[in-house]
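This briefing sets out the fold of one chain and its contact with a partner chain. The sequence and structure are shown first.

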Number of protein chains: 2
Amino acid sequence: MPRTDFARIRCPVARAMEVLGERWSILVMREAFYGTTRFDDFARHLGIATNILSARLAKLVEHDLLERVPEGARHAYRLTEKGGAFFPVFLALKGWSDRWMAGPEGQAMCLLDAGTGEEVVCPPPLDSAGRPLTPEGIRLVPGPAASEAMRRRFPGTAHG
Amino acid sequence: MPRTDFARIRCPVARAMEVLGERWSILVMREAFYGTTRFDDFARHLGIATNILSARLAKLVEHDLLERVPEGARHAYRLTEKGGAFFPVFLALKGWSDRWMAGPEGQAMCLLDAGTGEEVVCPPPLDSAGRPLTPEGIRLVPGPAASEAMRRRFPGTAHG
C-alpha cells in the first residue's frame with residue numbers, strides 16, 4: 001500500500017499530522033517556544049542530526065509555523081502567528097505528558113506565568129454541567145468537509 | 001547517528017513523542033475517541049495498512065493508552081484512564097487544526113456537547129491578566145528531572 005498523503009486528506013487533524021506527526025517536529029516547536037531561534041542552537045539543545053533538523057525546520061517553514069528570516073550574517077527561525085497559535089496545544093500535551101509520561105524524577109521543565117510565578121496549566125474543557133468533558137460527553141456531526149463515508153457513519157447534523 | 005531512543009530521554013514530552021510522535025498514532029486515538037473499538041473498524045475508518053495499524057495499536061497498548069480486552073469471540077480496544085486523559089490534548093489539536101490546517105471546505109467533523117448541542121472548544125490558557133498566554137509570557141525553570149544542560153541553560157528556580 002503506498003504511503004498515504006495526509007495533506008490530501010480532508011480531515012484537518014490528519015493534515016496537521018502531515019506536518020507535526022513526526023517524533024521530532026513537536027520537539028522543534030518546543031524549542032521555538034523556549035526561545036531558540038538559531039539552527040545551531042536547535043541542533044545543540046535537541047541533540048538531533050543536522051540533516052534531520054534541516055528537514056523538520058524546512059517543513060515547519062513550508063507550512064508556515066516558523067519563518068526563516070535574516071538576522072545579522074545568518075538566519076533565525078521565528079514563530080509565525082500560526083506557529084504561536086500552536087502554543088496551547090503544546091501546553092496541553094506537556095500537561096498530559098508531565099502527568100502520565102514522566103519518570104520517577106518528575107517534570108523536566110516547569111512553565112511559570114512570568115507575571116505571577118504560578119505554574120501554567122491548560123484549563124480542561126468542561127461540559128455544560130462544569131465537569132471535565134469526556135469522549136462519551138460529545139456528539140459527532142459531519143462538518144462541511146466530511147467525506148461521504150463520514151456522513152454515512154455519523155448521520156446526525158448540527159441541528160438534528 | 002543512531003536513532004534517538006526518546007523513551008530514555010527524561011523530558012516527558014519527548015517520551016510522549018516516542019508513543020505518539022508518529023503520523024498515524026494520534027489518528028488512531030482520534031478513532032478511539034470517536035467510538036471505534038474493533039481492529040477491522042480502525043482499519044476501515046482510517047484506510048491504514050493492517051500491519052501498520054497492528055504496530056500502532058500494540059504501541060498504544062504497551063504504553064497504556066488503550067487496553068485490549070476480550071469481547072465476544074474477538075477483542076476490543078478500549079481507552080484506559082491514561083488514554084482518556086489525552087482527550088483534552090486531542091481537542092486542543094483539533095481546534096488548532098480546524099483553524100489553521102483546514103482547506104476551503106472547512107471542518108471535517110464537529111464535536112458538540114451532547115448536553116447542549118454547542119460546539120466543544122478547548123479553553124485557551126490565560127495569563128494572570130486574563131489574556132491568552134503566549135511563549136513570551138512564560139518563565140522557564142528546570143524541574144526535578146531537568147538535565148545538567150537544561151539547568152545551565154535555564155538557571156532560574158521556581159522561587160528565584
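In this predicted model, the elements of chain A follow the order α-α-α-α-β-β-α-α-β-β-α from the N terminus. In total, chain A has seven helices and four strands.

**Overall dimensions of chain A**
- The radius of gyration of chain A is 19 Å, whereas a compact globule of 160 residues would have a value near 15 Å.
- The C-alpha trace of chain A spans about 60 × 45 × 30 Å along its principal axes.
- Of the 160 residues in chain A, 39% are buried.
- Among contacts in chain A between residues at least 6 apart in sequence, those joining residues at least 24 apart account for 35%.

**The hairpin**
- Strand 1 (residues 66-71) and strand 2 (residues 74-79) of chain A run antiparallel and are joined by six bridges.
- Within this pairing, A:L79 of strand 2 stands opposite A:L66.
- Two residues lie between the strands of the hairpin, and A:G72 adopts a positive phi near 65°.

**The contact between chains A and B**
- Chain A and chain B each contribute 75 residues to the contact.
- On the side of chain A that touches chain B, at least two residues each come from helices 1, 2, 5 and 6 and from strands 3 and 4.
- Helix 6 of chain A gives the most to that side, with 11 residues.
- By type, the residues on that side of chain A comprise 48 nonpolar, 14 polar and 13 charged.

**Strand pairing across the chains**
- Strand 4 of chain A runs antiparallel to strand 3 (residues 109-113) of chain B, and five bridges join them.
- A:P142 has B:M109, in strand 3 of chain B, as its bridge partner.

Technical notes: Residues numbered from 1 in each chain as written. Chains lettered and ligands numbered in written order. Predicted model: local features only at pLDDT ≥ 70, side-chain atom pairs only at ≥ 80, totals over all residues. Pairing = 2+ DSSP bridges. Contact = placed C-beta atoms within 7 Å. Nonpolar A, V, L, I, M, F, W, Y, C, P; charged D, E, K, R; others polar. Rg over C-alpha atoms; globule rule 2.2 N^0.38 Å. Buried ≥ 20, exposed ≤ 12 C-beta atoms within 10 Å, placed from the backbone.
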